[in-house]
Amino acid sequence: MSFAWAKPYEPKAPFMRWLDERLPLPRLVYGAVGGGYPVPRNLNYWWNFGVLAGLFLAIQIVTGIVLAMWYYSSADGAFNSVEHIMRDVNAGWAIRYIHMNGASFFFIVTYIHIFRGLYYGSYKAPRELVWMLGLVIYLLMMATAFMGYVLPWGQMSYWGAQVITSFFSAFPLVGEPIRVWLLGGYAPDQAALTRFFSLHYLLPFVIAAVVILHIWALHIPGSSNPTGVDVKEEKDTLPFHPFYTAKDGWFAAGFLALFAFFVYFAPNFLGHPDNYIPANPLATPAHIVPEWYFWPFYAILRAFTVDFILPAKLWGVLAMFGSILILFFLPWLDKSPVRSGSYRPVFKRFFWLLVIDVLILGWAGGSAATPIRVAISQLAAAYYFAHFLIILPLISAFETPLPLPDSISSSRLHGEKAEAAPIGMAPKGGATATAE
Amino acid sequence: MLLRIFMAVVGAVFSLVLLISFFSNVSTFLTSPPEATAEEEFHHHPKELALASNGLFGKFDNKQLQRGFQVYKEVCAACHGLSLVSFRDLHAIGYNEAEVKAIANQWATEVPSVNPETGEAATRKALPADRFPSPYANEVAARAANNNALPPDLSLMTKARHDGAAYVYSLLTGYEKQQPAELLKKFPAAKTPEGLYYNPYFPNLNLAMPPPLTADGQVTYAPGNPAPTVNQMAKDVAAHAGGWSS
């Protein structure tokens, strides 16, 4: 697909030849995830998380379809139907806990995947569309996860739905009608629950479709790599199969072990106890908090406390949506021709500052809004916007990057001469010879 | 270039409004610091509770879970339902078929039913397939009998509270006859209202439930079990709520 030396599919078995002539599906698979897709040979483990995200999407779809066979989307019966799954359906507790923790793990791997893209400049030309389609997937994931959290109709489900839909009422004039239209009523009730269930079932398939576009757009220029240097010749790459299928496979097995630990030993660790109390429109929980993967955005929302020209709530909502929308402009904000953060000493420091900043926002958004916590989140949110919109463009204008290696095979990044040549695969007179 | 200037302005505006919010927040905090509340100062974190099921290789102690069930049956069930759990679920903590049948048959509250002759509302004895019948017919009846407080269903109690079983154990053993003098001195408004009971493990310190476990030996354990002290009964019922009902 991507490079001149990509091997075309050559059917071996007569049946495959017969099939390939009529429906070139084997050819498509071979070129996408088989021996026909050349991948830079120096990918590190941060490159495994894209495949893991796809794996968790599959886990969520499969377990979700089974749960939908038992789940009952009624305001009277939803909570008890989930408990029926937990108590009476064969292995229902396992399926439900896998789905519940699977959502969290889907976000964990996606966040790592996004930050990998930020560090290694994966959003830069010619991969701008890969980045933007990824952000579309992320937005769809957030919508899906939010609606899924409403379905058990516990206290946090109900009040989360109440709070999130009330964001829309911050907009003048059109806001309140939009909120009522989305909910199908003045407060979350049967109409809201049924439509959230319908959309929660639909959106994962939309995500799967955008994932296909994401991978398609990726396979035109081919995968990026830790040096950020373009692939130049055949010895810079390895065929996806068997090299990366094997690496992704074993890494996925290890990561699933971690996942299994949560499912079997701490299934409710990432959730909130209040969601085991049935929804009660008359009793507001002491602290309404979303699921952990929304905490940074919740902190940004709550950080605006002053009516400066616009009402504080509208500022908060604009900033919260804005915090993701600005990422779509990233390829044009960071104009540095060097992709990889490893060769950008100033950028690298600010990148880690951003990671810490987002973690602080998450911490601030996850618990009660005490004055001190709000003050910290205000500084952290200010840095978030300044980082992407002011600091990053300035760095790309003034920074002097480190010298880049001539090619992937001769990468001279700290110790990566070893990485560029996997054990047993050292190219004769390649990486080692030209390293210095 | 135009895009970058525009975005820099957007970023500057957001950051500026956040900094204004920050300084207004800090000045409010300095001029009128938030007042301490009785809950903040006197609420206790749950006590440690060591159970056989703790840890990666923990196992449930069925004898303890059965004792806990006995406490539920003889004490808690007077006011609290267990409506998501069935009698047949008792098999999981080691009761055999005949025992489950007998427990269901002798349950103090009967299951709502319909008189097959007249069609009028009636009750019948519970069967193993039934869920535990609730002690009150509906919420209004429950509130009427309990000074307008609603005894919550206990099916998911340990999952619906932070620290689950440890919280249940601490609450049951945490009642104090009198509020600390220090509390009353500092927060005179936080005096326990008439009809409520002071318990520092409860989020707002005062709860409507009277101390349910009041005396050692309130429940008689079968021979071969530890002595039914209040502490032991609270431990057992907490283990039972965490290990079996939820």
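Two strands are taken to pair if DSSP finds at least two bridges between them, and strands (E, at least two residues) and helices (H or I, at least four) are DSSP runs numbered from the N terminus. In strand 2 of chain B, A122(B) is the bridge partner of S113(B). The structure is a predicted model, in which local features need pLDDT of at least 70 and side-chain atom pairs count only at pLDDT 80 or more, while totals for chains, interfaces and linings use all residues. Residues are numbered from 1 along each chain as its sequence is written, and chains are lettered from A and ligands numbered from 1 in the order in which they are written.

The pairing of S113(B) with A122(B) belongs to an antiparallel arrangement of strand 1 (residues 111-114) and strand 2 (residues 121-124) of chain B, which extends over 4 bridges. A further bridge partner in strand 2 of chain B is R124(B), which faces V111(B). The two strands form a hairpin with 6 residues between them, and in the turn G119(B) has a positive phi of about 80 degrees. A122(B) lies in strand 2 of chain B. Burial was assigned from C-beta atoms placed from the backbone: a residue is buried if 20 or more other C-beta atoms lie within 10 Å of its own, exposed if 12 or fewer, and partly exposed in between. A122(B) counts as partly exposed because it has 14 C-beta neighbours inside 10 Å. Contact between two residues requires that their C-beta atoms, placed from the backbone, lie within 7 Å. When residues up to four places away in sequence are not counted, A122(B) touches S113(B), V114(B) and N115(B). The C-alpha atoms of A122(B) and V111(B) are separated by 8.5 Å, with the two residues 11 apart along the chain.

Chain B contains 8 helices and 4 strands, in the order α-α-α-α-β-β-α-α-α-β-β-α from the N terminus on. The radius of gyration, taken over C-alpha atoms, was compared with a globule rule of 2.2 Å times the number of residues to the power 0.38. For chain B the value is 25 Å, well over the 18 Å that the rule gives for 246 residues, so the chain is more spread out than a compact globule. The C-alpha trace of chain B spans about 80 × 55 × 50 Å along its principal axes. Of the 246 residues in chain B, 31% are buried. Among contacts in chain B between residues at least 6 apart in sequence, 66% join residues at least 24 apart.

The expected span of a helix is 1.5 Å times one less than its number of residues. Helix 3 (residues 62-74) of chain B has 13 residues and should span 18 Å, which agrees with the 18 Å between its end C-alpha atoms. Buried residues of this helix include Q64(B), R67(B), F69(B) and Y72(B). Helix 8 (230-245) of chain B is among the elements that cover the buried residues of helix 3 of chain B.

Chain A contains 17 helices and 2 strands. Its radius of gyration is 24 Å, close to the 22 Å that the globule rule gives for 436 residues, so chain A is as compact as a globular protein of that length. The C-alpha atoms of chain A fill a box of roughly 75 × 60 × 40 Å along the principal axes. Buried residues account for 42% of the 436 residues in chain A, and 75% of its contacts between residues at least 6 apart in sequence join residues at least 24 apart.

Domain bounds, which come from an automatic or database domain assignment, divide chain A into domain 1 (41-273) and domain 2 (294-422). The centres of the two domains, taken over C-alpha atoms, are separated by 22 Å. In the contact between them, 29 residues of domain 1 of chain A meet 28 residues of domain 2 of chain A. Helix 5 (92-119) and helix 6 (128-150) of chain A each give two or more residues to the domain 1 side, and helix 6 of chain A provides the largest share, 5 residues.

The contact between the chains takes 34 residues from chain A and 28 residues from chain B. Ala, Val, Leu, Ile, Met, Phe, Trp, Tyr, Cys and Pro count as nonpolar, Asp, Glu, Lys and Arg as charged, and the others, Gly among them, as polar. On this basis the side of chain B that touches chain A has 19 nonpolar, 6 polar and 3 charged residues.
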